[in-house]
Amino acid sequence: MTRGAGRFGKALSLDGTANGKVVFDAGSGEVGNSRTISLWAKQTTAGGRLLSSASGGSDGFEIFTGDDLRLHWRGSGAQERNATVTSSWAAGNWHHLVVVFDGDTSEVFADGISRGTGSIDAVTAGNVPLTLGASPDGNNSFGGVIDDL
C-alpha cells in the first residue's frame with residue numbers, strides 16, 4: 001500500500017496483494033445494522049474486496065468487485081446483491097460508490113445514480129477488524145486506488 005494520486009489530492013494505492021490492505025482497530029465500523037458507506041474507487045486488477053468486516057459469511061458486511069461491470073455487497077449472511085456500476089472497471093476510470101445498508105434492505109449508487117436495491121441479511125457485529133482493500137484474512141485483495149472513504 002502506498003499513497004498516490006487520488007480523485008482528490010492523495011489516495012491509497014493498493015497493489016492487490018495480501019499486504020496491500022488497511023486494518024482498522026477492533027470495533028471500527030460497528031455502528032448497528034444501518035450505515036451508509038461512500039468512497040471513490042479506480043480498479044486496476046480485476047476483483048477484490050473494497051471494504052469488509054465479514055468472517056465466514058455469518059456476520060459483518062462486505063463490498064467488493066467481481067467481473068468487469070459489477071459491484072457486489074452483502075450483510076451478515078450469504079445473501080449477496082450485485083449491480084452493474086460501470087461499463088468497464090478495466091477502463092481505469094474513477095467511480096463514486098455509495099452503499100446503503102438499512103436493516104435488511106440495501107441500495108447501491110454509482111456516480112450519483114441508483115443502480116440497484118434489494119433485501120439482504122441485516123448487518124450484525126463481527127468479531128474481525130474492519131479491513132480496507134481485502135478480506136480480514138488477507139484474501140480477495142483489491143488492486144486499485146481508493147479515495148475519500
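A residue is called buried when its relative accessible area is under 20%, exposed when over 50%, and partly exposed in between (1.4 Å probe, protein chains only). The model is predicted: local features need pLDDT of at least 70, side-chain atom pairs count only at pLDDT 80 or more, and totals for chains, interfaces and linings use all residues. Residues are numbered from 1 along each chain as its sequence is written, and side-chain values use heavy atoms, with hydrogens and water left out.

**View 1**
Helices (H or I, at least four residues) and strands (E, at least two) are DSSP runs, numbered from the N terminus. Buried residues account for 45% of the 149. Take the contacts (heavy atoms within 4.5 Å) between residues at least 6 apart in sequence: 58% of them join residues at least 24 apart.

**View 1. Seven strands line up in an open, antiparallel sheet.**
Read across the sheet and you get β1-β2-β13-β4-β9-β10-β11. Two strands count as paired if DSSP finds at least two bridges between them. At the edges sit β1 (2-5) and β11 (113-119), each pairing on one side only. From one strand to the next, the twist averages 30°, where axes are lines fitted to C-alpha atoms (for helices, over the stretch in contact) and angles run from 0 to 180 degrees between N-to-C directions. Zoom in on β4 (residues 34-45) and β9 (residues 95-102), and you'll find eight bridges between these antiparallel partners. Leu39 stands opposite Leu97 of β9 here.

**View 2. A second open sheet has six strands, again with antiparallel pairing.**
Its order is β3-β12-β5-β6-β7-β8. β3 (22-23) and β8 (80-84) have a single partner strand each, so one side of each is left without a neighbour in the sheet. Over at β3, two bridges make the link to β12 (residues 131-132), and Val22 has Leu132 as its bridge partner.

**View 3. Strand β6 (residues 62-65) has buried side chains pointing both ways.**
In a regular strand the side chains alternate between the two faces of the sheet. Here Glu62 and Phe64 point one way, Ile63 and Thr65 the other, and all are buried. β6 pairs with β5 (residues 48-52) over four antiparallel bridges, with Gly48 opposite Thr65. Another four bridges tie β6 to the antiparallel β7 (residues 70-74), where His72 is the bridge partner of Phe64. A hairpin of four residues leads from β6 to β7.

**View 4. Two aromatic pairs turn up in the whole structure.**
Rings of Phe, Tyr and Trp (its six-membered ring) pair if their centres lie within 6.5 Å; planes under 30 degrees apart are stacked, over 60 edge-to-face, and the rest tilted. The rings of Phe8 and Trp40 have centres 5.6 Å apart and planes at 75°, so this pair is edge-to-face. Phe8 belongs to the loop between β1 and β2 (10-15) and Trp40 to β4, so the pair ties together parts 32 residues apart in sequence. Phe8 is partly exposed at 47% relative accessible area, whereas Trp40 is buried at 15%. The other pair, Phe61 with Phe101, is tilted, at 5.4 Å centre to centre and 55° between the planes. Phe61 lies in the loop between β5 and β6 and Phe101 in β9, 40 residues apart. Phe61 is buried, with a relative accessible area of 2%, and Phe101 is buried too, at 1%.

**View 5. Asp111 has a positive phi, though not a glycine.**
Its phi is about 55°. Look for Asp111 in the loop between β10 (105-110) and β11, where the residue is partly exposed at 34% relative accessible area. Asp148 also has a positive phi, near 55°. Asp148 lies in the segment after β13 (143-147) and is partly exposed at 48%.
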